[in-house]
Amino acid sequence: MSRVRVEPLGADIEVEAGEALLDAAWRLGYDWPTTCWGQADCMLCRVEVIAGAELVEPAGDDERRALARKLPRSERGPGPRLACQLYVTGDGVVVHKEGVRPLSPG
Amino acid sequence: MTQLDERTATVPFAVTDPWWIDRERYYDRTFFELERDRLWNSVWQMACRLEEIPAVGDYVEYTICDQSVLVVRTGPEQIKGYYNACRHRATQLALGCGSFRGGQIVCPFHGWRWNIDGSPSFIYGAEGFAAAAVAERELHLVECRVDTWGGCVFVNFDRDARPLREALEPMPSLLDPLGVDRMRVYWWKAVRLKANWKMAQEAFLEGWHVMQTHPQLTLGRPADYRADSLEYHSYAHGNSGYWTKPGGRPVWDADREVESIIESSRLLYEGLDAMTLARDMHVIESLRTRPYEKGVFGAQLVQAIFEYAAGAGIPLPMPEDPAALVRWGGVFYLFPNFFILPQYGNALVYRSRPDGDDPEACYFELWSVTIPPASEPEVKPEFGGVYRPDDTSAWPQIPLQDFSNIERQQRGLHSHGFRRLRLAQDYEGGISNMHQELDRYLSR
C-alpha cells in the first residue's frame, strides 16, 4: 500500500500493489476525469507528477504510444502521466490534477 | 431417402461413403463459406480459458471468420459474451484482451458507454437522435450464448443450440475425473499453417502416424509399434477419442521395462514439453531406486505420481473409478475444433480455426496446461506468440514433425494425381465422424 497525494483537492489515496492510481481513486469513491475509462485513450485522466517522481514506475508501451499519438507536442515531456497507467512503488508521490472530486452520496 | 442422401442434396462434396472424403472440402470457397454460415454460426466453440479473465471487468476478444465477440467476466461467477460492435455505427468496442475498468465499456468513436452487464450507461449526443433510436432497450449490447466447462469459456451464436454439456458429452464425463478444470497454462503458442483448419486437426484425430512421423517415439523398434495398439471411439455430435488398448501398450524392450518407460517419457518431455513435465520426469526417474517387480512398473509409476502430488500440494484428483486412468495419454476431440490430451496432472490442448478468409490457412494454437500446487497464486496466462511452423527455436520436436506433414497434405490435395482421402475404418473413424457431423450442420 502506497500513499499518493492528489492536489489541489488535498486527497490522500492509498494505492495497492499492482493497482493503478485511477483504479485506487475509483475504489475509494472519487470521481476522476475520463471518457475512455482506463483504456489509455482519452488522455483526460492525465496528471502532473510534482513530487516523488522517483517513486513512479516508468511509462509502459501503451502509455507512451498514447501520449505520442494523442497529446500535442507542447504538452509532452517528462511531466504528464496517465492516472490509468500510473503505478507507484512507495509513499510520497504528489500529483496535480484538476477535477478530482469525492463522489457525491447517492 | 436416407440421412446421408438428404445431406448430399444440399451440401456440396457431402460425405456419401464414410470412408472417402472429397478433397474440395479442404479448399473449395463455397464449402468454406457454408462452414462460416452454418457451422461457426451455430456450434459451441471454445472462446478462451477462464484464467484469462480472472477479475470482474476482464475481457478477451474471440474471433471466428468474420465475427468478433467480447467475452467478459461480469461477476465473480458470471461471464457474458457481447457481439463486438457499437450500437451506433458499428465500431468494434475492444480488441485483443484487457480489462473494462471502472466497470465501463467505452466506444472509442463517440464515447458511448455501457456497464459491463451490457446496459447503456452514457449516450453522448442522445438528444440529437430520434427518441426511439436511443431508447434504452434499443441500446443494450447484444449477447451471444456463453457457458463454461473444463476451465474454458465456450460461446455459441445460435440461440436455439443444444446446451453445451449435451453437445460435449461424453467428453466431460470422461475428462472431469482427471481434473482438467484444475489445470492452468504452462505455455501457450500459435502457428499459422498453410492448410485448411480441418486438415490441421485431423493429424491429431488418429495416433497411428506415430511410427512414421515421430520415429523417435518407437525407440528404434518401428516394427514393434503396432498400428492397432490404440482403441478408437466415435460419439454423438462429432466427438471422438482414442487411447491405448488394454494390453496394447507396446513393450519395446521387455528385459529393460524400467529404462524403456523412462526413455519414452523423456522423449515426450523433451519433444513436447507437455503431458509429461519436469516434475513428472523427476518422479519417473526416481523409480529406478525402487525394487523392480516385473509387470507392475506401470502401477508403481501411477502410485508415485499421486504420492508426489499429495506431498507437493498438487490437487491431482484420484478418480472414483481408477479405470479412468487408462485415459492418461489418450486424445479427446471436442467437435468442431478442440482437443485435450491428458496425462498425469497435465494436458496438451489444441484449437484449430480458419485464419481470416482463406480456406487454405488456419490459426492453430497449442497450450501445455498443468495442475499447479494449490499454494501458487493465480496468474493470467501469457501468450507466447505466433511462430512459423518450421521454427526450431519455438517448437519442440514432436509438433515440428506434425506441422511439416500438414502443409504437405494441403498441397497434395491439389495434385492431378489425387481426388479424395481414403480413411481406415479401424483407425480413422474419428475423422469420418467429424465430417459427418459437419455435414449435419451444413445441411440445416
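This is a predicted model: local features need pLDDT of at least 70, side-chain atom pairs count only at pLDDT 80 or more; totals for chains, interfaces and linings use all residues.
Helices α8 and α9 of chain B are roughly antiparallel to each other, because their axes cross at roughly 170° and anything over 145 degrees counts as roughly antiparallel.

Helix α8(B) covers residues 257-272 and helix α9(B) covers residues 278-286; their axes come within 10 Å. Which residues meet there? From α8(B) they are Ile262(B), Ser265(B), Arg266(B) and Tyr269(B), and from α9(B) they are Met281(B), Ile284(B) and Glu285(B). By class, this contact of α8(B) with α9(B) has 4 nonpolar, 1 polar and 2 charged residues.

Next, the sheet. Chain B has an open sheet of 7 strands, paired antiparallel, in the order β2-β11-β10-β5-β4-β3-β6. Which strands stand at the edges? They are β2 (45-49) and β6 (97-99) of chain B; each has a single partner strand, so one side of each is left without a neighbour in the sheet. From one strand to the next, the twist averages 30°.

Strand β3 of chain B, residues 58-64, pairs with β6(B) in the antiparallel sense over 3 bridges. In that region Tyr59(B) stands opposite Gly98(B) of β6(B).

Further in, β4(B), residues 67-75, and β5(B), residues 78-83, are joined by 6 bridges, again antiparallel. Within it, Arg73(B) has Ile79(B) of β5(B) as its bridge partner.

On to β10(B), residues 143-149: this strand runs antiparallel to β5(B), with 2 bridges joining them. Here Tyr82(B) stands opposite Glu143(B) in β10(B).

Now helix α12 of chain B, residues 429-442. Its 14 residues reach 20 Å from first C-alpha to last, close to the 20 Å expected at 1.5 Å a residue. Is α12(B) mostly covered or mostly uncovered? Mostly covered: 12 of its 14 residues are buried. Among them are Gly429(B), Gly430(B) and Ile431(B), and also His435(B), Glu437(B) and Asp439(B). Toward the end of the list come Tyr441(B) and Leu442(B), also buried.

Last, the contact between chains. How many residues does each chain bring? Chain A brings 9 residues and chain B brings 6. The side of chain B that touches chain A divides into 2 nonpolar, 3 polar and 1 charged.

Key:
Residues are numbered from 1 along each chain as its sequence is written. Chains are lettered from A and ligands numbered from 1 in the order in which they are written. Two residues are in contact if their C-beta atoms, placed from the backbone, lie within 7 Å. Ala, Val, Leu, Ile, Met, Phe, Trp, Tyr, Cys and Pro count as nonpolar, Asp, Glu, Lys and Arg as charged, and the others, Gly among them, as polar. Two strands pair if DSSP finds at least two bridges between them. Helices (H or I, at least four residues) and strands (E, at least two) are DSSP runs, numbered from the N terminus. Axes are lines fitted to C-alpha atoms, for helices over the stretch in contact, and angles run from 0 to 180 degrees between N-to-C directions. Angles under 35 degrees count as roughly parallel, over 145 as roughly antiparallel, 65 to 115 as roughly perpendicular and the rest as oblique. The expected span of a helix is 1.5 Å times one less than its number of residues. A residue is buried if 20 or more other C-beta atoms lie within 10 Å of its own, exposed if 12 or fewer, and partly exposed in between; C-beta atoms are placed from the backbone.
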